[in-house]
Amino acid sequence: MTHADGNRIFRILAIEDNMADVSLLRLALESASVDCELRVLEDGAEGLAFVGQEGRYAGLPIPDLVVLDVNLPKKDGLEVLEAMRASHLFAEVMVVVLSSSSWPRERARMHQFGIARFIAKPPDLEEYLKIGFILKELLAGC
Amino acid sequence: MHTFRNMPIKLKLMVIIMATTSAALLLSGVGIVILDSILFRSYLNLDLSALSRIIADNSTAAIAFDDPQAAVETLSALRARTHIVAACIYRKDGTTLATYARPGAGQGCRAPDARDEIRFNATDLTVSRPILLKDRLIGILAMVYDLDEIKDRRRIYGAGILGILVASNLIAFVLSSKLRTVISTPILELVHATTAVSKTRDYSVRAQKLSGDELGALVDAFNEMLAGIESRDDRLKEALLDREEALTEAQSARDSLQRSNGELARSNEDLERFAFVASHDLQDPLRMITVYSQLLVKSYPPELDNQARMFVNNIAGGTKRMRELLADLLAYTEIGSRPDTPVEVVDLNVVIENVRQILKASSDDTGAEVTAGRLPSLTGYEAHFISLFQNLIGNAIKYRSERSPRIDISVQEAPGELRFAVADNGIGIDSEYHQTIFGAFKRLHGNKIPGTGIGLAICQRVVERYGGQIWVESNVGQGATFLFTLPARLVRPEERE
């Protein structure tokens, strides 16, 4: 998908149950001028369904980037990540974990499945907006 | 002999009784036969002596008149005696006057012999008697008597004795099989009792006393012994039971102690986990409040008047402070959450260097100088020691006087422990508060100096976790020295002297 001016429009899938965080993510992407189509799934089960291309997610295009929370309702982020790495379609998709917890053990386990970045949700607006630029940089590389 | 030894007593008794009976009967039988043959011989002697005398006297006339016919007649009277085989009358010169032979007998008389005698030979008996007339030898009588009678008698006696033997053995068998129970039953009773005791270990079993003899005495002795064993066994059982009870009691006491210990540890653990999770999870909504109040200020500058701006700033300040409190609470509970047996070796010199880096900003701002002597390496968690020194040094900088902070860290060896001192030249602490300052969230200075009041509580928790003590020596305006001890066993062995 490309924009009228020729810039590429990225498909970003956010799996995040906290809508306040989704708004901040959207704000961060806007302020970094990332051209993107942001799809949001609100729990881990939806995430698994998307990865499995089940039901209403059947045939949907594969995103360029997945922003994944760790503590999700129903199925947690680690399970979704595991399912992604096990599927042919999602095995190579770039994943950024955006978590409210930064426990080292959790971080290490996520890294085992090949994630591009582990970002602890910052308690500061400026820091939060910087995430937009980090994602932009990562997307530029793909 | 061996088989006899292994026979049951019943059989042994029978064999003994029958052997004794047989032996007695046989001996008496043999005695009777011997006595009989002696008596019979003497009877024969007398009888034949009398008979030969009669024959000799009756034949004197026939010899005197040399009348063989009369002599034969005299001899033929012997026919009545069937055991007389042959008889002869000889003249004085040894010639035969008359002979008698039992019908069918092949044997004749022996040569004449003038001796007056009765001689027993192997198979027969010979009689020779001089025939006298007025004390003058006129002839000789010779007789041969067979010993078949003796043989017959022996046969009859033998058969009789054998019969008696068999009959008496039969009677002995019957009698002994009845009577042996008198002996064997008490013994068997004793055997049964012994077997029962050895099999069941039931010492209350008693053998029944069936007789007043030695066996009865044996049964009494056996029962007495059993009673002794039983009472000792009972006492032993009782003692064992008592001991078991005591053990069970001790065990249940130990169990209940362990249970309450476990419960205590669990509730402690639960409490810590709760504090940990609560402080962790509470951070997230606070993060939202902080970020969104920042966003509010940022997004709506024209619409927000100064008062609204102040309100939002207060919200931001409050949430920031709460975040700090939660972070400290997290740090405090985290001290107890690590395993009890640390394996890390922590070089305290490195720890101090790390703390210097962490506090670089504030020490640069205040011109603080931190000096430290050579410090040991300890077994423990590095994060704990960083917390400890960061809080002590941080406090020293925070509660400084007008002078630039001077902080000195030293260590002294004492018996079994190391004594650390962190001395500063700050504002000092009134002795009234030397205890309370170590309580969680206890502060002396309100909001003039920022802080949550948990720093010294963390220090105390770390020190006590490793088995040490912490206290302060200070006076207002004279600086403060925080002292703490740590057990010497934390020092790596190779560093000990």
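This is a predicted model: local features need pLDDT of at least 70, side-chain atom pairs count only at pLDDT 80 or more; totals for chains, interfaces and linings use all residues.
Residues are numbered from 1 along each chain as its sequence is written, while chains are lettered from A and ligands numbered from 1 in the order in which they are written. Local features need pLDDT of at least 70, side-chain atom pairs count only at pLDDT 80 or more, and totals for chains, interfaces and linings use all residues; side-chain values use heavy atoms, with hydrogens and water left out.

View 1. Helices (H or I, at least four residues) and strands (E, at least two) are DSSP runs, numbered from the N terminus. The mean pLDDT (the predictor's confidence in each residue, from 0 to 100) is 84 for chain B, and 94% of the residues score at least 70. For the complex, the predictor gives an ipTM of 0.80 and a pTM of 0.45.

**View 2. The largest nonpolar core.** This set has 44 residues, and those touching the most other members are Leu348(B), Phe385(B), Leu388(B), Phe389(B), Ile393(B), Phe482(B) and Phe484(B). A nonpolar core joins buried Ala, Val, Leu, Ile, Met, Phe, Trp, Tyr and Cys residues through side-chain atoms within 4.5 Å; buried means under 20% relative accessible area, exposed over 50%, and partly exposed in between (1.4 Å probe, protein chains only). Elements of chain B that each supply at least two core residues include α8 (348-358), α10 (382-398) and β12 (480-487). Helix α10(B) gives the largest share, 8 residues.

**View 3. Around Phe484(B).** Leaving aside neighbours within four places in sequence, Phe484(B) is in contact (heavy atoms within 4.5 Å) with residues including Leu388(B), Phe389(B), Leu418(B), Val463(B) and Trp471(B).

**View 4. His83(B) in its loop.** Here we look at the loop between α4 (68-76) and β1 (84-91) of chain B, where His83(B) lies. His83(B) counts as buried because its relative accessibility is 18%. Beyond its neighbours within four places in sequence, His83(B) is in contact with Arg102(B), Val144(B), Tyr145(B), Asp146(B), Asp148(B) and Glu149(B). The C-alpha atoms of His83(B) and Asp148(B) are separated by 7.5 Å, although these residues are 65 apart along the chain.

**View 5. Val182(B) on helix α5.** Finally, Val182(B) sits in helix α5 (residues 148-200) of chain B. With 48% relative accessibility, Val182(B) counts as partly exposed.
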